Structure formats: C-alpha cells, structure tokens
Amino acid sequence: MNPIFLLLVFSLFSLPPFSSSHGFHFPSLLKPSQISKRHNSDQKSSHGYETKHFTQILDHFNYHPKSYISFQQRYLVNGDYWGGAAKSSPIFVYAGNEASIDIFADNNGFLLDIAPTFEALIVFIEHRYYGKSFPFGSEEEAFQNATTAGYLSISQALADYAAFVVDLKKNLSAESSPVVVFGGSYGGMLAAWFRLKYPHLAIGALASSAPILQIDPTFDPYIFNDIVTKDYRSTSENCYKVIKNSWDEIDKAYNDSIKLEKMESSLRLCKGQGLYTQYWLSNALIYAAMTDYPTPSYLLQPLPAYPVNEMCKAIDNPNTGNDTFSKLYGAMNIYYNFTGTAGECFNISTAGTDRLGYSGWEWQTCTELDLPTSGNSKESIFPESKPTSIKDLTNLCKSYEHVEPRFSWPSIEFGASIIKKSLKRYGSNIIFFNGLRDPWSGGGILKSISSTVIAIVAAEGAHHVDLRGSTMEDPKWLQDVREREVQIIKQWIREYYEDFSISENI
C-alpha cells in the first residue's frame, strides 16, 4: 500500500459502529423454485443476513464481446420483517461502497432498526471490484492492468444496482413494492445519484454524509482539514497547540538518528517505522474526527465515545509533563489500542488497513473521483501546505495506475457545483444528512433545496452517525434525527401507495 495515496484520496473509514445481529429466517416467498438463475444462495452469516450472489454483466454500456462477460456480485439479504410481495411491502437497498459488503451490513444497524416499522426487506449490495465481487475471477486478475480495471466506474456501479433491483423485484413478484435506497459516505453519493438517474426504480434515497459537492474541480481543498482543526480546537486549545507544534519536532527527529530512535520509543512504534510517524498521526487525527460518535464504536478498531475528547484528555494529562511524544502516545494509544491488544509496538504498515478495498479505491480516485482534501491553512492542526495540484495528482496517477484521469467527468455527469439548482428543478425525495463535526460535511448539502430534497444537519454529528444502530445511550438530538428520517420515508411510501391506489397503514 502506497502511503501517499492515503493522504490524497477519500478513504473509507466511513462506517458506523457495530450493531447487534438479528436471527435470519426468510419468508416462504423465497422458495427455491422462485430463485431466478441469476441469483444463487450461499449461507447464513453471523450478522443475520443470508449471503447470495447475482450474475452481473461486466459492461452495461457497450456491445463488444467482452461486455457480455459476467461475474458474481455478492449481496446480503434479511427478510425477517418483510411483509411480502402480496402486501407490496417496501424493499430497503443499501448501495455498497468501497469495501466488503459485510462491513456495511455489520455497521448500519439503522436499516434493521426500522425494518419492523415498515415491514421492509433489507438488501445490501456489494460494489463491483470490492469484497468478493470481482470480475475476471479474482482481485489479482481484476486489477492486473488498466484494461481489466477499466470496468470499475461510478456509472457501471449504479447500472449494476439498477439491473439488480429490476431482477430482484421480478424474481420476488414484487414489482409493486417500493424501493428506498440508503448509503453513507461514497455510498451516500451513490444513493443520491441512483435516485436521480433511476427515479423509476427507487422512490427515494437517504444519502448520509455524501460529499457530492466535493467532486467539483473548483472545490475548496482547505475545507476538509479546516473542519478537522475545528474539531480539536473546540475541544481543547492546548490539545490543538500540542498537536500543531509536534510536526516540527517530528521533522527534527527525521533528521537526527538519535532523536528518531527516541521518538520511536516514546510512541511505542515498531523499530524502523519512525519515518512514517506523520502519516500515522494524521491518519488517527482525521478518522477520530470523522467518527467522533457519542457512543463507543467499531470501525477499523474499537473506539470510545467521543474519541476526539478522549484523545485530547490524554494530551492534556498533566502527568505527561512537557514531553510532546509522551502526550501523543497517550492519544494514539486510544485510537490504535483502545482494547489493549495492539501488542508490544505499533506496526504502522498494518494499522487499520486489513479490511479496506484499497486497490479499487486507488483506481477510482485515480480515474474520476478526485475529492480534494490536501490544503492546510496557517491555522490548520496539520503543517501548513498548499493543496496537491491536479497536474501533480494526474502525473502521480499516470505513473501508479498507468491511466489518464478524467477528474472533470463526475461533475459533468452529476452536476457538482450546479447540482443544487438542478435538484430544485427536477430532484425529489432525497434526504441529505450531515454532521458538522465530520470533515466531509464541507462537501455536503447543508440546506434543504425544496420540500422534498431535504437537508438534515446535526451540529454534534459525525460521519453518517444516523445510520448507526440505535442504543440506549444515544443523545436526544440523534434520536430526533432518526425519527425525522423515518417520518419522511413514511411519507414517501404513503404517497407511493396512494399513487397506485394501494391502501396500507404504516
């Protein structure tokens, strides 16, 4: 894994915490005789979903012989609460994003929480080229060169979901069942775009923490780190200053072998890994800010409630004296070792990277998905720096992925900076949720555009916190957010039933 890319691209770590499992039993509607040849079942999983596979076409937009090559696209389904096709009960579809679909099913408890209310079928679809949904037979074959990787794009992924939804509804004789699409982070972007591109297939979308404005090539690249800075500075001015001033000390250690060895020892880094300290610290600071949830969470590793606050407490601890690295160690120990199982030293090369689809995400961020985050102002908690230029990023991607990026294409296809005006003219039934402690909120829709394109903003919210499974410890503002989302979705479904003269109480 090239560390440079971790600092340039919109990384995953956008998952809500672990939610409780639900036992699985599927209604008799899904008898083997009713499973189409394009759907086949594997086994039940520990998270309460049954794993299935859909025979997906490689290329939806061309008619070359290779376009008709198929691959097995994985999806997870839970029908514990589904009222069935006869009642036209709804189908809730999660648009999978840049990792294994199991992670999203495990960490998006909101869908299962509300399924009984709606008698909804829950489906999580895995994004092509992630998890186990690889064309050409394996991840290695899928990414062997630009020719095989070239079928990984936003448009192909959305078309996958469209083909899947059509076939699933036909397979279940559920053509009259309304579909609502859900997604968080990149998945939230996909959910919003799916509603806009395929409105005949989905009656609405909940797009949580979806930075759809950030695809614009003119987007301010300083906003992301400005929000990260604000998160820490609003928590503790001293914490902010310690972190901000630490970069100079780290630079000095890089140029002095004795200081470097001492820094490694103070931070409990495995021997020889001190030169990656800046990346290691930045990674923790950014993702703690993104996942500054009000209750304990599980992402790449377990974290306490309000991790930013806990990390700053460690830095502000007077028992560490004036030693910067001892203070930073306390904060990093919370992020990387909350459970105390990290071992004798921190291994930077493997910290928090074992569950991610990096090959796919590097490809996507080197072809069409430039989401600028690299600028640091003078007040930034990170070292002051100019943003990475499109030219430099293009050259880096050409050397690394051997392909010419088309960073302007998503804004042409989906609207970017002018999307708000377009949504007002033709968009409907989309909820955009953003938590203002989330650095990706800077690229989100923060004001309602119309009566049906609604923005919900939470001042204390982090990265798609609304999609987390509910707990008894959830603050009232979070309960209120989820209740409002439920009421809006109810309205969509009522209107759908009325349009088709279906009488249904929800």
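Helices (H or I, at least four residues) and strands (E, at least two) are DSSP runs, numbered from the N terminus. The model is predicted: local features need pLDDT of at least 70, side-chain atom pairs count only at pLDDT 80 or more, and totals for chains, interfaces and linings use all residues. Residues are numbered from 1 along each chain as its sequence is written, and side-chain values use heavy atoms, with hydrogens and water left out.

Helix α6 spans residues 154-171 and has 18 residues. From first C-alpha to last, α6 reaches 26 Å, close to the 26 Å expected at 1.5 Å a residue. The expected span is 1.5 Å times one less than the number of residues. Of the 18 residues of α6, 15 are buried, so the helix is largely enclosed by the rest of the structure. Here buried means under 20% relative accessible area, exposed over 50%, and partly exposed in between (1.4 Å probe, protein chains only).

Strand β5 (residues 121-125) is also largely enclosed, because five of its five residues are buried. Both faces of β5 are covered. L121, V123 and I125 lie on one side, I122 and F124 on the other, and all are buried. In a regular strand the side chains alternate between the two faces of the sheet. Strands pair if DSSP finds at least two bridges between them. Strand β3 (residues 70-78) runs antiparallel to β5, joined by four bridges. In this pairing L76 stands opposite F124. Strand β4 (residues 91-95) runs parallel to β5, joined by five bridges. Here F92 stands opposite I122.

Three disulfides are counted. The criterion is a pair of cysteine sulfur atoms within 2.5 Å. With the bonded cysteines numbered in sequence order, the pairing is 1-3, 2-4, 5-6.

C239 and C312 form a disulfide with sulfur atoms 2.2 Å apart. C239 lies in helix α9 (residues 237-254) and C312 in helix α12 (residues 307-316), so the bond ties together parts 73 residues apart in sequence. The S-S torsion of C239 and C312 is about -70 degrees, so this disulfide is left-handed. C239 is buried at 0% relative accessible area, and C312 is buried at 1%.

In the disulfide of C270 and C345, the sulfur atoms are 2.0 Å apart. C270 sits in the loop between α10 (257-267) and α11 (277-290), and C345 in the loop between α13 (324-336) and α14 (358-365), 75 residues apart. The torsion about the S-S bond of C270 and C345 is about 85 degrees, so the disulfide is right-handed. C270 is buried at 14% relative accessibility, whereas C345 is partly exposed at 30%.

C366 is joined to C397 at an S to S distance of 2.0 Å. C366 is in the loop between α14 and α15 (390-401), C397 is in helix α15, and the two are 31 residues apart. The torsion of C366 and C397 is about -75 degrees, so the disulfide is left-handed. C366 is buried at 0% relative accessible area, and C397 is buried at 0%.
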